[in-house]
Amino acid sequence: MSSGDHAGRRPVDTITVTCSIDSRAHEVPDAELAAAARSSDGHYQALCGHMVAAAPMVEPDGQPCLLCTAIVERTEATRRAARQRILG
């Protein structure tokens, strides 16, 4: 997943993490996972703002979080449109 192509901003890579509280699969920025790994509490902030309590990774993903999905789709569409404007 990538954020919009705003000046000075880099694309944001995300990892899908299912929350054990709401059973939804949320998109969590990989930088958030790396930062949270140092504190080792198992909670991560998703793109939608939800604080994810990670479910065991051996279980299948839950239903997608609709807000995370909308954010991903919007940023991907923005990026495609910008690329098309540049490339013609």
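**Exercise 1.** How many of the 88 residues of the protein, in percent, count as buried?

*Solution.* Start with the term: buried means under 20% relative accessible area, with a 1.4 Å probe and protein chains only. By that cut-off, 28% of the 88 residues count as buried. Keep in mind that this is a predicted model, where local features need pLDDT of at least 70, side-chain atom pairs count only at pLDDT 80 or more, and totals for chains, interfaces and linings use all residues. Residues are numbered from 1 along each chain as its sequence is written, and side-chain values use heavy atoms, leaving out hydrogens and water.

**Exercise 2.** Find the order of the strands in the open sheet of three strands.

*Solution.* First, list the elements: helices (DSSP H or I, at least four residues) and strands (E, at least two) are numbered from the N terminus. Along the sequence they follow β-β-α-β-β-β-α. Next, look for pairing, for which DSSP must find at least two bridges between two strands. The order is β1-β2-β5, with mixed pairing. Strands β1 and β5 (63–64) are the edges, each pairing on one side only. Finally, β2 (residues 24–29) runs parallel to β5, joined by two bridges, and Ala25 stands opposite Pro64 in β5.

**Exercise 3.** Is Thr14 buried or exposed?

*Solution.* Locate Thr14 in strand β1 (residues 14–18). Its relative accessibility is 15%, so Thr14 counts as buried. Then check its side chain, which makes a polar contact (N or O atoms within 3.5 Å, one able to donate a hydrogen and the other to accept it) with the side chain of Glu27 at 2.7 Å.

Terms used:
Buried < 20%, exposed > 50% of the residue type's maximum accessible area, 1.4 Å probe, protein only.
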